[in-house]
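Please examine the sequence and the coordinates shown below. The paragraphs that follow lead from single residues to the chain as a whole and then to the interface.

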Number of protein chains: 2
Amino acid sequence: MKATSIDHICLAVKNLEQAKKIYEDTLGLELAQEYVAESEKIKVARYYLGDLALELMEATSPDGDVAKFIEKRGEGVFLISYRTDDVEKGLKELKNKGKKLIDDTPRELFGNRYAFIMPPTETCGVLTEILDGTYTNEKD
Amino acid sequence: MKATSIDHICLAVKNLEQAKKIYEDTLGLELAQEYVAESEKIKVARYYLGDLALELMEATSPDGDVAKFIEKRGEGVFLISYRTDDVEKGLKELKNKGKKLIDDTPRELFGNRYAFIMPPTETCGVLTEILDGTYTNEKD
């Protein structure tokens with residue numbers, strides 16, 4: 001498997017409104033999208049830097065992964081998501097190498113395949129996700 | 001000021017050899033460069049994902065910034081560096097907005113200008129750097 005580029009980076013933040021202000025005011029980023037993901041217990045502000053998305057994420061419940069990350073380590077980069085040639089092939093290759101993965105098979109959203117592969121404990125503090133290279137960000 | 005893309009991301013790691021193995025073995029990244037930066041008390045492995053560099057950094061002394069980051073928060077993303085139109089203009093604009101900056105004027109390396117602008121405490125856990133858009137990575 002070969003990661004070819006970074007699709008998105010997620011930053012766990014304590015207060016989304018304050019974080020938005022910082023990133024918009026300091027780096028001049030323009031808000032592209034804002035949404036709540038109930039299943040993941042987060043609310044999210046998404047920005048684009050070229051074809052890379054930067055997401056600011058605030059926990060909506062203390063038992064979600066983002067809340068737990070902040071409780072343990074403070075604010076910071078929670079996840080990096082890499083584009084790869086083929087998620088399914090990549091997962092098989094990693095399994096054959098004897099890697100313990102979070103997802104054995106790809107998840108799917110709007111026809112796009114992705115998988116969480118390694119928890120922060122195994123990739124130097126950052127949850128690692130892979131996507132199909134053809135993955136299309138929802139930009140509306 | 002407007003950040004237009006991410007130039008590089010630095011990951012503070014406890015053991016560079018182990019971290020290299022993880023990122024090369026799991027994500028198929030190819031080592032582009034390895035160096036020691038005595039002044040910053042780090043040794044570094046650099047990888048490219050398109051035009052974005054991912055740097056793994058191990059502290060070479062317990063009193064450097066990377067060592068302190070790991071001591072306080074564990075391994076993780078230590079710095080994100082953004083390309084901007086003009087670092088000097090950007091710094092002036094931020095000062096006029098009343099922002100407290102790490103660098104008031106650009107630093108220079110191999111003719112490239114860059115500046116550290118905000119410490120992790122003010123940008124949700126990540127040290128923030130800006131570069132001139134024309135900044136060229138040393139790829140030899």
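In which strand of chain B does B:Val77 lie? B:Val77 lies in strand β5 of chain B, where strands (E, at least two residues) and helices (H or I, at least four) are DSSP runs numbered from the N terminus. The model is a predicted one, in which local features need pLDDT of at least 70, side-chain atom pairs count only at pLDDT 80 or more, and totals for chains, interfaces and linings use all residues. Residues are numbered from 1 along each chain as its sequence is written, chains are lettered from A and ligands numbered from 1 in the order in which they are written, and side-chain values use heavy atoms, with hydrogens and water left out.

B:Val77 counts as buried, at 2% relative accessibility; buried means under 20% relative accessible area, exposed over 50%, and partly exposed in between (1.4 Å probe, protein chains only). Its contacts, taken as heavy atoms within 4.5 Å, involve both chains: leaving aside neighbours within four places in sequence, B:Val77 is in contact with A:Val77, A:Ile80 and A:Val126, as well as with B:Ile9, B:Cys10, B:Leu11, B:Phe69, B:Gly125 and B:Val126. B:Lys100 is 23 residues away from B:Val77 in sequence, and their C-alpha atoms are 22 Å apart in space.

Strand β5 of chain B spans residues 76-84 and also holds B:Thr84. This threonine is buried, with a relative accessibility of 1%. Neighbours within four places in sequence aside, the contacts of B:Thr84 are with B:Met1, B:Lys2, B:Ala3 and B:Thr4, and with B:Ile130, B:Leu131, B:Asp132 and B:Gly133. Elsewhere in chain B, B:Lys41 is placed in the loop between β2 (31-37) and β3 (42-49). B:Lys41 has a phi near 55°, a positive value in a residue other than glycine, and counts as partly exposed at 29% relative accessibility.

The description now turns to chain A. Three helices and eight strands make up its list of elements, and from the N terminus on they run β-α-β-β-β-α-β-α-β-β-β. Along the principal axes, the C-alpha atoms fill a box of roughly 45 × 30 × 25 Å. Of the 140 residues in chain A, 56% are buried. Among contacts in chain A with a separation of 6 or more, 53% are accounted for by residues 24 or more positions apart.

Helix α1 of chain A (residues 16-27) contains A:Ile22, and A:Lys20 lies in helix α1 as well. A:Lys20 counts as buried at 10% relative accessibility, whereas A:Ile22 is partly exposed at 22%. Residues up to four places away in sequence not counted, A:Lys20 touches A:Asp25, A:Leu31, A:Glu34, A:Ala45, A:Tyr47 and A:Leu56. A:Leu31 is eleven residues from A:Lys20 in sequence, with 8.2 Å between their C-alpha atoms. With neighbours within four places left aside, A:Ile22 is in contact with A:Leu27 and, in the partner chain, with B:Glu122 and B:Thr123.

In helix α2 (residues 65-73) of chain A one finds A:Ala67, which is buried at 15% relative accessibility. A:Ala67 and A:Ala12 are 55 residues apart along the chain, and their C-alpha atoms are separated by 8.0 Å. The loop between β7 (112-118) and β8 (127-132) of chain A holds A:Cys124. A:Cys124 has a positive phi of about 55° although it is not a glycine, and it is buried at 4% relative accessibility.

Finally, consider the interface. 41 residues of chain B are in contact with 41 residues of chain A. Together the two chains bury about 3300 Å², 60% of it on carbon and sulfur atoms; buried area is the accessible area (1.4 Å probe) that two parts lose on being put together, summed over both. On the chain B side, B:Thr26, B:Leu27 and B:Cys124 lose the most area to chain A, together 21% of what that side buries.
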